[in-house]
Amino acid sequence: MDRLREWAWRALGFLRPSQRERELQEEMQFHLEMETERNVERGMSRAEAERHARMRLGGTAQVTDAYREQRSLPGAEQLLLDMRHAVRGLRRTPGYTAMAIAVLALGIGANTAVWSVADAVLFRPLAFFEPERLVNVTLSSPEGSSYHFDYGSFRFLEGLDLPFSSIGCVDTVSGVNVSTDDSAFYARAARVSSAYLDVFGRAPALGRSFATDDVGAARVLLSHAVHQRLGGSDAILGETVRFGGEPHVVIGVMPDGFEGVPRAELWLLFEPDFRGDGTNHQILARLDDRVEKNAADAALASLSGEFYRRYEQDAGERQLGVVGLRQQLSAYRRADVLLLLGAVGLLLLVACANCASLLLARLSSRSRELAVRAALGGGRRRILQLLAAESLVLAAVGGTLGVLIAVLALRLFETVAPADVLAWSVRLDARVLAMCGLLSLLSGALFSLGPALGSGRLRLTDALHDGSRGSSGGRGGLLRRSLVVLQITVSYALLVGAGLLAQTLIGLQSVDLGFEPEGVWTAEMSLQGGEMNEGDAVRTLARDGLERLALLGGVRAVALGSNLPGKRGLNLPVTVPEREQGRERDSINYGYVTPDFFGALGVRSVRGRTLGPDDDSGAPRVAVVNEAFVRNFFPSGDVLGRTVEPLPLGPEHSVVPRTIVGVVADFKTRRLDEEPPPSLFVPLAQASNETLVTTHRFFPANWVLSTDGELDRGALERAALDVSPDHPFSRVRPIRDLLGAATSTERFQAVLLFSFSFLALAMAAAGLFGVVSFSVSRRQREIGVRMALGASASRVLAGVLAEGFLMGAIGVALGLAAAFGLTQFLRNMIFGVSARDPSTLLVAAALLLLVAILASLQPALRATRIDPATSFRAD
Amino acid sequence: MKKLRKAESERLDVPHGTLDLLILKTLETLGPQHGWGIARRLEQVSDDVLALNQGTLYPALLRLEQRGWIRPAWGRSENNRRAKFYSLTKRGERQLEVETRNWLRTTSLVHRVLAGG
């Protein structure tokens with residue numbers, strides 16, 4: 001404790017110098033006078049008395065030094081002096097200094113930028129009360145698959161005595177129309193249980209949170225954003241606003257920035273008689289204060305059997321458990337972010353190797369100075385201190401500039417990063433800056449390590465005799481070469497990784513989409529709740545919309561459908577009685593469409609027919625399936641005329657068999673590297689109320705407009721108002737954007753890895769250039785002699801080029817081994833290309849060797865111009 | 001001069017780590033005292049046997065102050081000159097007790113070992 005106090009004072013003393021030292025001078029002055037007087041009293045002469053007093057005290061300078069050591073942090077004062085010295089030294093060699101700082105700034109900047117992504121996505125605590133106590137209740141299989149819950153499961157768990165202080169349930173977030181008397185907009189709404197918001201421990205900024213007696217009373221809590229759109233007045237409390245056409249009373253507004261998990265903009269309660277449809281629910285809980293996460297996990301696991309007995313089902317291997325909410329939310333991005341961290345870490349390694357190499361070069365040109373220092377008694381430790389000071393100055397300046405580079409890099413990220421990554425609010429905050437500082441220090445230590453080792457081998461006499469004309473083949477030279485080889489090795493591995501990701505991206509973009517995205521625009525519309533619970537209202541709105549939108553300029557075809565390429569649809573169990581293989585009852589991707597849907601999207605009809613206007617409510621029930629459905633149930637292809645029975649939703653509805661009348665080409669749904677799931681499309685005219693209500697609970701309806709190219713958004717929005725003022729359009733965009741979103745992860749990774757590998761390559765090239773050109777100037781006399789003895793210019797040229805090429809070749813060979821190891825981590829991220837794709841490995845090797853030769857070309861040419869006569873004289 | 005040298009060689013070094021204890025005890029006995037006064041007192045008590053390097057006193061005083069055991073204040077010396085006086089704090093008194101106990105325990109142990117040998 002008292003020690004801590006001492007060190008706190010020392011740190012303070014370091015920051016606030018001088019005052020105490022002036023006081024010390026006065027104290028010592030007093031001391032000497034007193035001692036002198038006493039000595040005089042003892043019979044000494046004045047001069048002798050003073051001399052004795054000084055002797056007893058032991059020299060004011062020494063006392064001051066010792067005092068300073070105690071007053072401040074040990075070594076800190078000296079370090080400051082050394083750093084000032086280093087700054088002076090660095091300013092004398094501006095070229096070297098600028099190069100080292102640029103390399104460090106790029107390395108640290110790129111790392112800082114990626115760390116701000118990593119911090120936001122993986123590490124920064126969630127902005128809730130005691131976020132570490134928030135957990136997600138999980139149901140998982142031993143293979144690691146996890147499952148969502150149905151509402152009944154939540155009610156069951158809620159009734160048990162669990163180690164949670166609160167537990168809440170939330171349904172899939174879906175779009176809903178918020179309408180007042182004069183406006184309507186679209187917002188993301190979550191249906192929640194009454195205790196859901198309590199789990200987060202954040203009180204509403206206005207009004208109150210949900211209470212159990214709010215269930216069934218049509219009440220709503222707003223986010224700050226929705227509150228602002230509704231005017232932002234406190235008088236909103238108690239007002240009635242329509243959500244999905246149904247009036248709700250506003251009881252509270254959540255604080256600015258609160259979005260909950262999953263992100264939503266307003267919260268509605270489950271209906272009292274809600275029994276749950278489908279397993280789409282997440283259960284969140286707050287751990288009791290005294291309970292550890294592991295204990296809670298074990299407690300839930302032990303309930304798995306009871307949980308399954310409730311369903312009269314085999315418990316199987318699935319187990320209940322808990323996982324930290326933070327962990328859960330970032331789990332699916334963990335691998336992506338770790339990849340980037342690893343790549344950017346390698347870039348920093350290259351930067352450090354480059355800097356070390358520069359430092360070594362400088363050191364060898366300073367070897368005479370250092371030898372003199374050593375000769376004058378500046379021990380090895382002292383030389384290391386000077387080196388450390390210099391590295392610290394470089395790292396500090398590099399780190400500061402690195403922050404600026406990180407700011408620019410984050411701008412770039414904003415244009416290429418996937419939306420869900422940016423939603424974590426990636427920013428440069430104090431945490432990231434601290435990390436940046438740490439990285440700077442670490443790189444400073446790292447790049448001065450090599451030279452520090454090198455300086456140990458500095459032989460005094462050699463350096464003094466040899467002067468600046470040391471041979472290039474010494475150990476320092478070997479160290480520098482090794483550093484260059486290291487840079488090439490790492491650059492190669494990075495380049496291979498970037499190449500694989502780029503090929504993945506290109507592969508994804510040239511995937512057969514199964515439809516024609518050119519000129520196709522889409523718009524979302526929430527049809528959830530209110531009058532839209534009646535199928536006929538949906539059909540009327542669809543008819544009006546199709547008529548009105550067809551009038552827009554440049555529009556060739558219009559359709560409405562629940563499923564779109566790039567997005568998932570309703571997961572619905574169907575029975576296929578005449579199937580050739582597969583399970584009799586299986587979940588498929590289910591959607592409704594209007595007649596022009598496949599035409600507007602340009603989806604090919606493979607067999608039979610598509611759906612037309614004649615397939616109306618009075619006609620026989622029909623459906624169209626995709627090729628994946630055929631592969632799954634009817635591998636022979638004999639599918640037309642077969643029957644399929646979608647699971648009836650709603651208790652009193654009987655099974656309605658549908659006849660399959662056609663097959664359409666597969667079109668990509670969620671991800672471009674995934675096969676589309678078996679899908680079933682039914683005419684909107686024949687869709688039951690229940691399927692429409694269920695579909696619209698989870699998914700918006702999608703308008704599809706096939707156009708000549710551009711679309712007049714203003715005209716589109718005016719048309720939307722004509723169709724229904726209560727059902728605004730949202731997310732109007734070309735369908736290309738949807739696909740872009742599907743490849744955004746790959747694009748982000750490819751762009752970043754390419755940037756990193758080119759930076760690394762440039763650094764490696766500069767490093768190689770430095771070493772080769774250094775060796776040429778060292779060997780000036782030797783080359784001169786050879787030329788005088790008749791060596792041709794081309795032989796000299798070849799000799800120097802070979803030196804560069806050799807380093808490149810060793811680097812590539814080692815890089816190949818590194819790439820074999822490292823690309824294993826890419827296995828799950830690449831598509832359509834092997835992790836050891838020979839052409840990628842070859843092209844990267846060729847590129848690096850070419851760079852190695854180009855980087856040694858200038859010094860090689862310089863070598864050929866050496867004039868033997870001058871080279872002898874020059875010394 | 002020769003006499004002085006001889007005296008030096010017979011002197012005892014301050015045992016490592018005991019300077020703090022000696023300073024604290026001196027301040028307890030004398031009350032607030034300046035650096036020279038503490039040095040004088042230590043030499044007097046030890047009959048000049050203790051080879052106190054007076055210079056080491058000041059960093060030690062600073063250390064004790066940093067640890068919160070003593071407190072400095074400017075005042076007037078006996079011959080009416082400005083001097084810095086150090087006094088024991090409450091924490092310093094407690095620390096003195098602890099260190100005294102430790103010292104006595106250590107020395108008695110060493111004594112026992114030596115006597116037993």
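The model is predicted, so local features need pLDDT of at least 70 and side-chain atom pairs count only at pLDDT 80 or more, while totals for chains, interfaces and linings use all residues. Residues are numbered from 1 along each chain as its sequence is written, chains are lettered from A and ligands numbered from 1 in the order in which they are written, and side-chain values use heavy atoms, with hydrogens and water left out.

Let's begin in chain A. Helix α25 (residues 744-778) packs against helix α28 (residues 838-864) at an angle of about 30°, their axes 9 Å apart. Helices here are DSSP runs of H or I with at least four residues, strands are runs of E with at least two, and both are numbered from the N terminus. Axes are lines fitted to C-alpha atoms, for helices over the stretch in contact, with angles from 0 to 180 degrees between N-to-C directions. The angle makes α25(A) roughly parallel to α28(A) (under 35 degrees; 65 to 115 is roughly perpendicular, over 145 roughly antiparallel and the rest oblique).

The largest nonpolar core has 97 residues, and Phe200(A), Trp267(A), Tyr492(A) and Phe756(A) have the most contacts inside it. Such a core is a set of buried Ala, Val, Leu, Ile, Met, Phe, Trp, Tyr and Cys residues joined through side-chain atoms within 4.5 Å. With 14 residues, α25(A) gives the most to this core. A second, separate core of 50 residues includes Leu572(A), Phe629(A), Ile660(A) and Ala687(A).

Ser706(A) counts as buried because its relative accessibility is 9% (buried is under 20% relative accessible area, exposed over 50%, partly exposed in between, with a 1.4 Å probe and protein chains only). Not counting residues up to four places away in sequence, Ser706(A) touches Gly519(A), Gly554(A), Val555(A), Arg556(A), Ala557(A) and Ala600(A).

Finally, turn to chain B. The axes of helix α2 (residues 19-30) and helix α4 (residues 57-66) come within 10 Å and cross at roughly 75°, so α2(B) and α4(B) are roughly perpendicular to each other.

Terms used
Contact means heavy atoms within 4.5 Å.
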